[in-house]
Every structure is written in structure tokens, then in C-alpha cells.
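Trainee: Could you take me through this model step by step, beginning with the terms I will need?

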Amino acid sequence: MSPSNFDEKFLHECFRLAKLGETQAFPNPIVGTVIVHNNLILGKGFHRKSGEAHAEVNAIQDAIARNPSNYEKLLSESDIYVSLEPCNHHGKTPPCIDLIKKYKFKRLIFSTRDPNPDLNSAREASYKELLKNGTEIIGPKKISQETKIESDYLNRVFFHKLESELPWINIKIASYADGSMITKVSDQWITNSNSRKEVHRLRSVNDLLITGINTVKMDNPSLNVRYSKVELKLNDIKNPDLLILKKTQDFSEKERRKLNIFTEAENRTINELKVSKLKPKSPGDKVILEDNLFNSLQEYLKKYPRIILEAGPKLTSSFIKEGLFNEITHYISLKGIDYNNHRLVQNIKASILDQHKVLRGNESLQIIKEEFIPTNNISDNLDLKITVADKTEQ
Ligand SMILES: NC(=O)c1ccc[n+]([C@@H]2O[C@H](COP(=O)([O-])OP(=O)(O)OC[C@H]3O[C@@H](n4cnc5c(N)ncnc54)[C@H](OP(=O)(O)O)[C@@H]3O)[C@@H](O)[C@H]2O)c1
């Protein structure tokens, strides 16, 4: 393995660690760090929670704890890998770049530049000092494009928040290969158990979950996070707030066309979400339906930086048509499909993407990420997961 392959491998370990902070780090970015001595990991860390120590500090402390007698020498012979450019300013914690200077690392390798404007003024000066100190700096330009994209993608919500006061909306869809979202066999899931586990993880890293009244009536879903912390590989788990979209029938003829009611389940229990328990939370939850969903909802949604939509085809289509999303996470069941047939799988992807494009009327929608979700169960199906987004917004 060439040295650059090692660099990529350790950066991927940083990405894995960064994701452990997904529930609590926000509104800070998620970051992972590894310290490597002669190709062996000396210390690891991630940013656990906003206001707490940064990933670099945790990794250095880990390395010190494991090597209390000779850590100074070892650190000065080590490389430090970080998934995001180390901070050089005083926030809630001191600048990480000072620690990197202090321990005289051999190399600093990071895969994403921090666009935070607070970093700009001191960037050049602190890198000059680091170089003078004998630390080589390897930034995103020297990393493979693939790894850089993966690294940037980790903090897409954080970057979006720096530029916009609107939330990041992720539409989750589970469908068969033909795009149908309704289960063909009652009480059977469309997607496999690993995909469903992932959806719980997605819920856990969102602040608000939106669904429609028909989904609640037909499925009586719990819409909470049920897998354990360990299984989800999360540092903490949290249920998102819940918003159920329902068109009202209770108003005068004139108002009926104007009003939507947003209801939230009171006393949401772990296993049940009873329609009878649904009621408007406050007068503020009645929103005048303007020309489109976006205009009606935007003030309400601004309260929630990260939103996931898990609805049926009607509401999902409305969100896509109106461009009320930043990404679509689409799980496609390959039940009964020869997934070794490359051309067939390509056709399925293309047809699903076309369906989104037709709805959105936007040619710039693209698949920005794809992977297979394997199954542990022989009778279950392999799923294909694609992430669709407007490339121009990435
Ligand atoms: N595969 C999946 O990922 C998935 C996920 C969730 C649910 N499902 C399935 O989907 C089925 C239910 O689908 P569905 O689409 O009927 O239910 P839904 O998700 O509950 O959405 C329909 C509700 O949204 C409202 N709505 C739609 N567009 C709107 C707009 N522009 N403004 C305001 N309100 C709007 C509808 O009002 P109107 O009826 O008045 O238009 C209706 O009350 C169930 O069988 C469930 O199992 C599948």
C-alpha cells in the first residue's frame, strides 16, 4: 500500500468516528481525528457535543492516556488526521491548531476546509507557524476527489446552516424497484432490516419528523427511534419532534380551502401513535395554506434545522414537486431482482431518478451517493440506497 493509500484509510477512520457525534454535535460540525505513529493508531477522538472538547483534543488525550511516560516523543513522531480543518480561533474551547503546534506533529492531514469565516483571518499566520515548527500540512487539494466528497458530505447540514436560515430537509422513501411506495403484501416490509435500522438512525439525527395523516391512519407507526445506541453506533439517541400534516375538515367552506392543521401527538408513547390522541398543539400550528406548501410552512420549519419527511406517495410528491427538500434518501428493494445484472440495476436507478426529475421538473437532480444495503437474513432482499439531490446546490 502506498503512503497515500494509508492516508485515505486513516481519513476514512476519521469519518467513522465523526459520525458517532451525529446526534449531539449539532449545531457544531461532526469531526473525527486519529493520531498515527508508524502506521499504527496511537489515539482516536470525535467531537461528542457542542460546547465540549473538539475531536483533536480528545484524540490527543487518548494518545496521552495510552502512553503516559513517553507521549511527547511519540506525538512529535506522529501524523494527525482530521476530517475537518482544525480551528484556529477561540470559541467555546481553545484553538486546536495551538495543540497541534505544541506537540510538534510530523504531519497534519485534513480532508475538508472549514468555510467558517472566523477561521480566515488567522489561517495563513497559523499555518506559517506550523510549517516553521516542522509540521507538514496536507489539505483537501492533495486528497483523492472521492474521499474529499465523502468528507464534505459529512457536514452538508452544517455548511448549509452557515449559508441559509432554512432547514435541511431530507425525504426518506422506501420503494420497490418500480417506484411503488405501498407494500404489496400486508404486514411485510418493503425494505430489509438493515435499511430500517438506518432509518432509525436518520430519525435520531433529525429535529423534526413530518408525516401525513393517511400514513398515521393506515400504518399506526411509532415514528420513534427504537434500536439501541450500540446498534445504531450513536453516542446518544433522541426522538425528533413529530409533525403530522392534515387538511382540516372542521372549518367553514371558505376557510376549508385555506387552512391546514398541523397536529402533534401528545404523550407520544414508545409503541403507539393513536390518531384519537392527535390534536392541534397551539393556535400557531394552524397555518394558512398559501399558494404552496413552502410558503405556508417556511416560518414554522425554520424552528427546526434538520427535518426528515417520512410520508406516503401523496405528501412525498407534494414536497418533491415544490422543491421542499435538500436531499432524498431512497431505499429500493431489489426483491426478486438479479442484482448481479449490472445493466438491470442501472436501469432501475435511472428510472427512479427519472421519476423524481419528472415530479420536480428539474433536470439537475442527480444521484450523489449510492450503496447496497446487505441483509443478514437469507429470506430477505438486498436493498439499493441512492441519495438524490440538486447538484447545483451541493
Ligand atoms: N414506502 C414509504 O416510504 C412510505 C412511507 C410512509 C407511508 N407509506 C404508505 O403511504 C400510504 C399513505 O400514503 P398517502 O400519500 O395517502 O398519505 P400521507 O403521507 O398521509 O399524505 C397524505 C396527506 O397529506 C396531505 N397533503 C398532500 N399534499 C399536500 C399539500 N400540498 N398540502 C397540504 N396537505 C397535503 C393530504 O391531504 P389531501 O388528501 O386532502 O390531499 C393527506 O392528508 C400508506 O399506505 C403508507 O403505508 C409509505
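Mentor: Helices (H or I, at least four residues) and strands (E, at least two) are DSSP runs, numbered from the N terminus. The model is predicted, so local features need pLDDT of at least 70 and side-chain atom pairs count only at pLDDT 80 or more, while totals for chains, interfaces and linings use all residues. Residues are numbered from 1 along each chain as its sequence is written.

Trainee: Which helix gives the most to the shell around the ligand?

Mentor: The ligand is surrounded by 25 residues, where a residue is near a molecule if its C-beta atom, placed from the backbone, lies within 6 Å of it. Strand 6 (168-175), strand 7 (208-212), helix 9 (213-219), strand 8 (241-247) and helix 13 each supply at least two residues of that shell. The greatest contribution, five residues, comes from helix 9.

Trainee: At roughly what angle do the axes of helix 13 and helix 14 cross?

Mentor: Axes are lines fitted to C-alpha atoms, for helices over the stretch in contact, and angles run from 0 to 180 degrees between N-to-C directions. The axes of helix 13 (residues 313-321) and helix 14 (residues 342-360) come within 8 Å of each other, and they cross at roughly 65°.

Trainee: Which residue in strand 15 is the bridge partner of L365?

Mentor: Strand 14 (residues 365-373) pairs with strand 15 in the antiparallel sense over eight bridges, and two strands pair if DSSP finds at least two bridges between them. For L365, the bridge partner in strand 15 is D390.
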